[in-house]
Amino acid sequence: MEFRAKTVAESRVETVHIIRPTDLNDAGRLFGGVLMQWIDEVAALVAKRHSQMNVTTASVDNLRFLQGAFQRDVIVIIGRVTHVGNTSMEVKVETYVEHTNGKRDLINRAFLTEIGLGDDNRPAILPRLILETEEDRKEWERAEMRRNLRAKQRKEGFHFYGE
Ligand SMILES: CC(C)(COP(=O)(O)OP(=O)(O)OC[C@H]1O[C@@H](n2cnc3c(N)ncnc32)[C@H](O)[C@@H]1OP(=O)(O)O)[C@@H](O)C(=O)NCCC(=O)NCCS
């Protein structure tokens, strides 16, 4: 295994889908569950590229559906690492509809926490993230705020309210 710090660009992933009839819900729009699968796959691939380990998804936050998408729409999904902790990485995944003229409309944004797994299948220490640009540094700062919020919510048992 190659264990070295990597830039954000090195693990960036972009996938493209064309919406087919089997991807639609009863209202003729892209089924949210299908999009969630695509998003989860992109996040896992980003995390695998960064860590060069097996990974698992610990959480999905702020998954916001901003606009619908329809049959034959071209969907572009872009994932990038925003933060690396000890054993967890935050991956930001943005989904667009790409029009024939090349213009892209953002339809979904999500933040996933991916955990690197060692040979014992337990969380393992990850390679550091090299922040090259001002944008990388801004993303890191925002991600750190979300990471602290998640930790606070876990500590307070927030996720179990309502059970
Ligand atoms: C995610 C999982 C590996 C964490 O195991 P754990 O024993 O709680 O691990 P730890 O407490 O040592 O935490 C490991 C890291 O995960 C992070 N983490 C744990 N639970 C988290 C959550 N709910 N959300 C975000 N991050 C989380 C911790 O902050 C820590 O990050 P750090 O090392 O960068 O500081 C474990 O809960 C698991 O296997 N869950 C199932 C995952 C899965 O199957 N996903 C697919 C869903 S179908």
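## Elements and basis

Helices (H or I, at least four residues) and strands (E, at least two) are DSSP runs, numbered from the N terminus. The model is predicted, with local features requiring pLDDT of at least 70 and side-chain atom pairs counted only at pLDDT 80 or more, while totals for chains, interfaces and linings use all residues. Residues are numbered from 1 along each chain as its sequence is written, and side-chain values use heavy atoms, with hydrogens and water left out.

## Annotated domain

An unreviewed UniProt entry places the feature "domain: HotDog ACOT-type" at residues 9-120; such annotations, given in the numbering used here with shortened feature names, may be inferred rather than shown by experiment. The span 9-120 is 48% strand and 21% helix, and its end C-alpha atoms lie 29 Å apart.

## Ligand shell

Among the 15 residues around the ligand, those that come nearest are T57, N86, T87, S88 and R147, where a residue counts as near if one of its heavy atoms lies within 4 Å. At least two shell residues come from each of β3 (54-65), β6 (104-117) and α3 (134-155), and β3 gives the most, with four.

Polar contacts (pairs of N or O atoms within 3.5 Å) reach oxygen atoms of the ligand from a polar backbone atom of N86 at 2.9 Å, from a polar side-chain atom of R147 at 2.9 Å and from one of R122 at 3.0 Å. The ligand taken alone exposes 940 Å², of which the protein buries 51%, with areas from the Shrake-Rupley method and a 1.4 Å probe.

## Ring contacts

R146 lies over the face of F111, at 3.7 Å from the ring centre; the criterion is CZ of Arg, or NZ of Lys, within 6 Å of that centre and within 35 degrees of the ring normal.

Methods:
Polar contact = N/O pair within 3.5 Å; in protein donor to acceptor, adjacent residues only side chain to side chain.
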